[in-house]
Amino acid sequence: MIARSSGLLCHITSLPSAHGIGDLGPEARRFADFMAAAGQKVWQVLPLRPTGYGDSPYQCVSSFAGNAMLISLEKLVEDGFLASEEIGEVPRFPASKVDFGQVLPFKEAALEKAFHRFLERGDDEETRRFESFCQFNAHWLDDYALYRAIKEERDKKAWMDWEAELVRREPEALRQARASYAHRVSFHKLCQYFFRRQWDDLKAYCLGCEVQIMGDIPIFVAHDSSDVWAHQELFQLDAKGHATEVAGVPPDYFSATGQLWGNPLYRWEVMEERGYKWWIDRLRSEFSLVDIVRLDHFRGFEAFWAVPSQEETAINGEWRPGPRETFFEKVQEKLGDPRIVAENLGVITDEVEALRGRFGFPGMAILQFAFGTDMKASDFQPHRYPRNLVVYTGTHDNDTVQGWWSGGVGASTRDEDQARKEKDFARRYLNIRDDVDVHWDYIRAILSSVADLAMIPVQDLLGLGSEARMNTPGKGQDNWTWRLRSGALDESISEKLAELCRLYER
């Protein structure tokens, strides 16, 4: 499914830019150029959808829309949708992190100016392209744009707290809302047009660099989202739209009380009756953007952890059967043989692995987890890898290699003695001689393995510490903010990585 190769994990928001957050503009192309020069074939990004409270790309307000904050203002100027002076005075954004509180109002103001310019320009051909885009995507775009417009008019209240007739989606209430908020509905549709136009340009550029893009689909969706509002019958909700049970995982490496995600659970029996259409549409949408899809929390398709909605931790949940083979059989029937990577981390059973194996999806291994004392750790040791595998030094949920190496316990359930033993084992296993360059020992280990695909978070390529960590599970704030400094990926790093790829035939 995936030829022997390697790649880099770097979300779009983490790229440098002049406007406070990474975007689809010139720096994205420079990153693709770097990858090509360094011999990298796969660029992995986190979910590209619009984020809600907490700015997490795994808690999106739509499973189909693109994140408008990724739209490049420079590209809008270049394409004639915005005048450079209309961008206005740019705040002094921090270079090493995303300040979402500053970025969101600044970029939205600029996008509103682009919207008005688009209306005033009256370009018939561009208008036809926009209208065609809206028609083609009406099955999700109409609900999404209306959801955003209604939410804005109600001080961003969750849809469950709107008027009862809107919660119930009564036809007359929806008609009135569309008429009342037509201007804002059009604005949100145009933002989606801009996003898709710029994304398609970037993807074509990556193709020219022989770089494929791996996307990411969270298994669950945010409760306060256009998906749940528009398809309430597909989720475990009560008559007022509130979740009766929510998603999470039991106690694990990251948390002694488990992780309570809070997403509403699916009514899989209803999904099956409808031929899994919503999910098929979701996958089809993602594959229209990317070449490979990482399916987050794959084990949830075999069995998922259900927690009563009133619980404050994930401890008091129970496993429930997922859709299993029937879902993936329908996926193959409708989409052929999609290139899916199964995120099979956490509490994984023989049944989960049998499901993954039946459909040939490569699983994942994390080198950082290879040196523990539990039984699962041995599966992450390179001498045990199968070929049909995607191996990482760490993921967006891990500390960086240097942070893990320097910090000992870190954000996990390990104690100091366990951390010391793991570090000692890693030193012997990887023949580590120099703590300064330990990240290169980890990189060499995954590149030299038999795993078909080796993925390196860009923070590990740079040898950065815990300050560069992307996410700490269970931590409610200050996640997803890390940014790459302009010029940090220099020629010396490119040459060193390219040489390792040549050496290990990646």
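This is a predicted model: local features need pLDDT of at least 70, side-chain atom pairs count only at pLDDT 80 or more; totals for chains, interfaces and linings use all residues.
1. Arg-184, at 17% relative accessibility, counts as buried.

2. A second pair that links distant parts of the chain is formed by Lys-151 in helix H5 and Asp-224 in the loop between strand E3 (212–217) and helix H9 (226–230), 73 residues apart. The closest N and O atoms of this salt bridge are 2.4 Å apart, and both Lys-151 and Asp-224 are buried.

3. Glu-163 and Arg-154 also form a salt bridge, with 2.8 Å between the closest N and O atoms; Glu-163 is partly exposed, at a relative accessible area of 33%, whereas Arg-154 is buried, at 17%. Elsewhere, salt bridges with shared partners join Asp-79, Arg-121, Asp-123, Glu-125, Glu-126, Arg-128, Arg-129 and Arg-197 into one network. The count of salt bridges comes to 39.

4. The second largest pocket holds about 320 Å³ of space and is lined by 17 residues, of which Phe-136, Asn-137, Trp-140, Ser-285 and Ser-288 lie nearest its centre. At least two lining residues come from each of helix H4 (124–136), helix H5 (138–153), helix H8 (182–208) and helix H11 (277–287). By class, the lining of this pocket comprises 7 nonpolar, 6 polar and 4 charged residues.

Terms used
Residues are numbered from 1 along each chain as its sequence is written. Side-chain values use heavy atoms; hydrogens and water are left out. On a 1 Å grid over the protein atoms alone, a cavity is a set of points where a 1.4 Å probe fits but cannot get out, and a pocket is an open set with protein on both sides within 12 Å along at least five of seven lines; lining residues have an atom within 4 Å of a point. Grid points are joined across faces, edges and corners, and a volume is the space filled by probe spheres set on the points. Helices (H or I, at least four residues) and strands (E, at least two) are DSSP runs, numbered from the N terminus. Ala, Val, Leu, Ile, Met, Phe, Trp, Tyr, Cys and Pro count as nonpolar, Asp, Glu, Lys and Arg as charged, and the others, Gly among them, as polar. A salt bridge is a side-chain nitrogen of Lys or Arg within 4 Å of a carboxyl oxygen of Asp or Glu. Buried means under 20% relative accessible area, exposed over 50%, partly exposed in between (1.4 Å probe, protein chains only).
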